[in-house]
Amino acid sequence: MESPARSWRSYPQRYRLEAAKCSGCGKVLFPPRLTCPNCHGREFTQATLPRDGRVVAPTVIHVPPQGFKEHAPYAIAVVELKNGVRVMVQVADMTDPGELAVGDPVHLEFRRIREDGEAGLIFYGHKAIRD
Amino acid sequence: MREVAIIGVGMIDWGELWGKSLREIWAEAALAALDDAGIDRVDLITVGCMSPGLFVGQEHLASLLADEIGMAGVASTRVESACASGSLAFRAGFAEVAAGLSDLVLVTGVEKMTDVDGADATYALGTAADQELEGFHGITFPGLYAMMARVHMAHHGTTSRQLAAVAAKNHANGLLNPHAQYHMRVSIDDVLGSTMVADPLHLLDCSPITDGAAAVVLAPLDKAKDHVGNRTVVKVAGSGLATDTIALANREDLARLRAVELAAERAYVMAGRRPSDIHVAEVHDCFTIAEIMATEALGFFEPGEGGPAAERGLTALGDRLPINPSGGLKSKGHPVGATGVAQIAEITLQLLGKAGQRQVEGARVGLTQNMGGSGGSSTVHILEAV
Amino acid sequence: MSIGIVGYGSFIPRRRIKLEEIAKVWGADAASYKRGLQLHEKSVPGKDEDTITMAVEAGRRALVRSGGVNPSAIGAVYVGSESHPYAVKPSGTVVAEALGITPEAHVGDLEFACKAGTESMYLAYSLVKAGEVGYALGIGADTSQGAPGDALEYSTAAGAAAFIFGSDEERIVAEVVATYSWTTDTPDFWRRSQMHYPRHGSRYTGEPAYFRHITSSAAGIMERAGFKPEDFAFAVFHQPNGKFPVRVGKRLGFTTKQMEPGWLSPWLGNTYSGASPIGLTASFDVAKPGDLILITSFGSGAGSDSFIFRMTDRITAVQALAPLTRMQLDNDKIYVDYGTYAKLRGKIRMGE
């Protein structure tokens, strides 16, 4: 599980979907980096990811990892957001997660991702919901 | 650059080796390789091991193991690239001999995965994925490959039956490998009927958790030739290494394994060879879909043709291009750091005509492809009998 | 200077459980519970939903309806709930961080059974009125729990409502005309510190608690502000079940037509700190410029907060900008059985 510091460092991305836009080539990086993988530029401006997108690569996890046992089976997918940036997120609120298909439109909602047992921290982030 | 030869091979029985520690299984394989090479001293030891820290609480492994076989003082290094650790340990050894830094190198791979429970083993394997972008959201290893499978199926029409055909083939081959973890026949229907792990991958589409080790010995080719005279020697003709993004969200095309394509290109160029020159290959089938995608990335089949090829039996023993005659990760087992070295061992035996019941007739040029995580790294080697 | 709501939003989880499903397990007579409580089904939060997640989404919707209020201009955030995810560590800071309101803000969590939401609203309003901050966000959110087999299990539900208060005339959609709170120490419902489920005084929670406080607060605000029931387009009361709000409303002189848009409990259940606030958002969703709306909450322990709002011309422009409350209540529902409900609500003893 994550330490408080590690979780807290990720808030701008997990809570607010903050990204960086390369001043050189316009590529949006999520999470931000020190150098642009596209043009190797070093200057960036702040950007926020849009919350609408489409499913690119779905699957349903039937055998979950530690910390996710109570959620299984759940859908998880690579989603391409409206600005072209892709993220991996769970797809929540599905009666039959197997129905999730490539191309399904989704939007992101703030959700509880995991918690460190009964006494540890709670970690928040975003999940996708089918439109 | 000097030419490099493989002069000894050491393999042990793989499986759930409750009675043996990491040191023991490693030492067994290491000594077997040294004995096979007829030597008792080396200039360098390389150790491929993904996560001794998480699996057995032990780091600083290279030094520990050098001492274990009485070689404290010898140069020793541990190499890691998730499931590609073994082949990277091989490449590290190859590079030193090729560069003239070492003459005799003991290349090893080992992983002891059963001292932790399933959940902890899964966690350790999961560290090969991007923790922030993927692990945080609850992805699993099978989940990552399942996503690639769904995209491959959507692009190319690859079917679950085609995936299952890979598992059936590799289990059939494993029956002929005395060292394999599993000796059982598995049918396509058995695969399709097994529990769903991550849609569309069933339990029998996935490689197992295994304890195991493997080792080979490298020497300069001209010295090896002096030693064996007219007998066949296996040389390392080509070596290629490449990376790709770890996070699937950052990949350009989820139906392709770019790291494998690049590593293969580099190996083919070094060896002066093409895909059609390869007689036999050991490919990284951590999941059935991985073998299909790898065979396409290696240039054996056109994109989208890997599934039909497996279904038609083109990659079975005795057919056009036998893939994973050892049984692959699927039935031989997948002790993560050892796999890459075991692939080299298998192809070496094939090229020397020593593969017993699973011998590929007339094999003179072989290829190994080892891969880390969901394709974030890959190493390809081309070996030739000379 | 007028102070009012510049943006509002609600969030209702998608899952539901029908009353019959619960009654079946405990061998209770579903039909008589349905009649007695006037409840059909209630909302159920997913394992990945809690007071904080719902508060964030309701808060986002309030920001959307505010038509461009910069989150960093919001100077205070209050989250009222009786199911804050942490006993110690505020929900408000997560909400403020997620909405981009930090770091220049005053943030606090509130608790007062079912009226913690209107408390947040009152504090937010008062801070803006005092000129301390330009905008303040007040939220009521709950994922309330009822003991297995207890009467409360039929009604305890989940939902959130958020209101941004401000003083910029062009933005206000609902102007605050009056406020009035009526509070006593009345032990009708409580939960001791380490206990899992609350306890209540059965029939004592009726007349001496719910009815006495709502009636006093609602009658009180109308008298002080000089209004009669017929002056109002809508009236929203705390709704622990379907029956009580209608009974208290009628006693006060309101018609079912006036209470109808804000009367959600038969299909939503009791969302505690979200209850009357969510009813208020449902009324805002259908209100017209000039409409007067009364809201009177009730929190056990006990107290009632009343507000009178007058809708402005801007309300019609913002209603459709975010999901309407009634639409969330009626559409895309996912029904669960009792076993799933028990698993989702943590009522099953898991291994260590």
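Predicted model: local features only at pLDDT ≥ 70, side-chain atom pairs only at ≥ 80, totals over all residues.
Chains B and C share no contact, where two residues count as being in contact if their C-beta atoms, placed from the backbone, lie within 7 Å. The closest C-alpha atoms of chain B and chain C are 12 Å apart. Residues are numbered from 1 along each chain as its sequence is written, and chains are lettered from A and ligands numbered from 1 in the order in which they are written.

Two pairs of chains are in contact, and chains A and B share the most contacts. There, 25 residues of chain A meet 25 residues of chain B. On the chain A side, the elements giving two or more residues are β4 (52-61), β5 (74-81) and β6 (86-91); strands are DSSP runs of E of at least two residues, and helices are runs of H or I of at least four, numbered from the N terminus. That side comprises 16 nonpolar residues, eight polar and one charged. Here Ala, Val, Leu, Ile, Met, Phe, Trp, Tyr, Cys and Pro count as nonpolar, Asp, Glu, Lys and Arg as charged, and the others, Gly among them, as polar.

I turn now to chain C. It is divided into domain 1 (4-172 + 317-343) and domain 2 (175-315), with bounds from an automatic or database domain assignment. In chain C, 49 residues of domain 1 are in contact with 43 residues of domain 2. On the domain 1 side, α5(C) gives the most, with seven residues.
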